[in-house]
Amino acid sequence: MNFAIIITICVLLLLAYAFTISSSKTKIPSVILLLLLGWVVKQITDVLHIVIPDLNSLLPFFGTLGLVLIVLEGSLELELNRKKLPFVGKTIVTAVIPLFITAFVIGHFFYYFLDSSYKDGLINAVPLCIISSAIAISSVGHLNAFNKEFAIYESSLSDILGVLFFNFIALNSVINLDTLGNFGLQILLMLLISFIASAFLAFLLSRIDHHIKFAPIILLIILIFAISEIYHLPALIFIMLFGLFIGNFDELERFKVIQFLKPRSLDKEVKKFKELIIEAAFLVRSLFFLLFGFLMKTEDILNPHTFELAIGIVVLIYSVRALQLKVFKLKLMPLLYIAPRGLITILLFLSIPTESKIPLVNKALIIQVIVLTALIMMFGLIFNKQEDKKSVGKKGEENLTIDIDVPI
């Protein structure tokens, strides 16, 4: 039996790898195929009457671990310098605006039509309004430099800001100036912790000469994240800042303090660390979506009671996105399509307090919104195929510069 489980997991992960390397040619997001594969495995176990223990408790575990690794992977990919500041500012705004607009519109709908309190309406709405970096980052590898970097920044910031917004609403029974002040102090405290922890971890990375050196670094990162989450601090800020810090040593060499970390020799270690994180993120992300697909029920996907609401939410998401891209003078294609919901939506949905849950905002609605947004991204990237090819080369580089220089 043990060997059967090992063989099954290995075969599924090898198929996940095949989906990943083929997605750049087919433009089909690997998440769609992973969900489908997980669902097929579930049907096979039902037909063969294979008894599988309840795996629902594993979903938050793999989801949280995957979120840490995916945000870290994305932040390690990003370059940060003075020229990029307007670009970073733009991605922050484009992550914030649709998050707040869609959250308040959907929350007001829940409040007005589903007889919930306004606070409960917002708590249930926020998970549906966050772009999934787990899906977006893994699906934009074939795009030109600007679109790829924009998607990585935007989706990572959407995750971080979305979790901040959700925790702020869910953890405060009353929202006033005092709670806003406490929230601001939490962010400042997390920034301080991030600075100290990042410097300490970078020091360890530069000084450990044992053949096992990356495992303790990764364990410390997850430990700091978990402890911060226990105290309801915005822990994803630490993950992103740490990735940006060690991934941009070449930009920090002019500071004397950084010289103490031996940045030139550390670059080699960072490259190895980055490769390890990419591999680990692939494994955990694949296991998460395979597991979620396995736990999906056919009746949830085809649930007629939530389908109209899911369609309405998806229409709102892409309408707001199209409007804000136009306002910021960014090309609609292919950025319009890159707004999938996924891992973070599931995690926050599972975190909604029992007393705040709205019956219609159930697993069926979450699954339908995730699948619809993933399908829209898939077809959008497929039909954008020719445009991506034209973006490569000098012309693409010129477009990158023009886009970044647009004032915020």
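Reply: Happy to. A salt bridge here is a side-chain nitrogen of Lys or Arg lying within 4 Å of a carboxyl oxygen of Asp or Glu. Side chains of opposite charge can pair when their charged atoms come close. Please keep in mind that this is a predicted model. With that rule applied, the count is four salt bridges, and the pairs discussed below are among them.

Let's start with a pair inside one helix. The side chains of Lys-42 and Asp-46 form a salt bridge, at 3.7 Å from N to O. The two residues sit four apart in helix H2, so about one helical turn separates them. Lys-42 is partly exposed, because its relative accessible area is 26%. Asp-46 is also in the partly exposed class, with 39% relative accessibility.

As for cover, both Arg-285 and Glu-73 are buried, and buried means under 20% relative accessible area.

Glu-269 forms a salt bridge with Lys-213, where the closest N and O atoms are 3.3 Å apart. Glu-269 is in helix H13, while Lys-213 is in the loop between helix H8 (177-207) and helix H9 (214-230); the two are 56 residues apart, and the pair links distant parts of the chain. Glu-269 and Lys-213 are both buried.

H2 covers residues 30-47 and includes Leu-36. Leu-36 contributes to a nonpolar surface patch of about 600 Å², together with Val-40, Ile-44, Val-47, Leu-48, Ile-50 and Ile-52. With 46% relative accessibility, Leu-36 counts as partly exposed.

Most residues other than glycine have a negative phi, and most peptide bonds are trans. His-49 is not a glycine, yet its phi is positive, at about 55 degrees. Its relative accessibility is 69%, which means His-49 counts as exposed.

Asp-115 is another place to check the backbone: this residue has a positive phi of about 55 degrees and is not a glycine. Asp-115 is located in the loop between helix H4 (85-113) and helix H5 (118-125). Asp-115 is exposed, because its relative accessible area is 74%.

Two packed helices are described by the angle between their axes and the distance between the axes. For H4 and H5, the axes come within 8 Å and cross at roughly 130 degrees. That angle makes H4 oblique to H5, and their crossing is right-handed.

Further along, helix H15 (residues 304-327) packs with helix H17 (residues 363-383) at an angle of about 45 degrees, and their axes are 9 Å apart. H15 is therefore oblique to H17. H15 also passes H17 in a right-handed crossing.

His-305 is part of helix H15. With a relative accessible area of 66%, His-305 is exposed. Its C-alpha atom is 8.2 Å from that of Leu-360, a residue 55 positions away along the chain.

The loop between H15 and helix H16 (343-351) contains Pro-334. A cis peptide bond joins Met-333 to Pro-334, with omega at about 5 degrees.

Finally, a stop at the start of the chain. Tyr-17 sits in helix H1 (residues 2-26), and counts as partly exposed because its relative accessibility is 46%.

Lys-42 is partly exposed, as is Asp-46, whereas Arg-285 and Glu-73 are buried, and so are Glu-269 and Lys-213.

How values were computed. Residues numbered from 1 in each chain as written. Predicted model: local features only at pLDDT ≥ 70, side-chain atom pairs only at ≥ 80, totals over all residues. Heavy atoms only, no water. Patch = residues over 30% accessible without salt bridge, like charges linked within 9 Å, V, L, I, M, F, W, Y side chains within 5 Å. Areas by Shrake-Rupley, 256 points an atom, 1.4 Å probe, with all protein chains shown as cover. Buried < 20%, exposed > 50% of the residue type's maximum accessible area, 1.4 Å probe, protein only. Axes fitted to C-alpha atoms, helices over the stretch in contact; angles between N-to-C directions. Parallel < 35°, antiparallel > 145°, perpendicular 65-115°, else oblique. Left-handed = near helix turned anticlockwise from the far one by under 90°.
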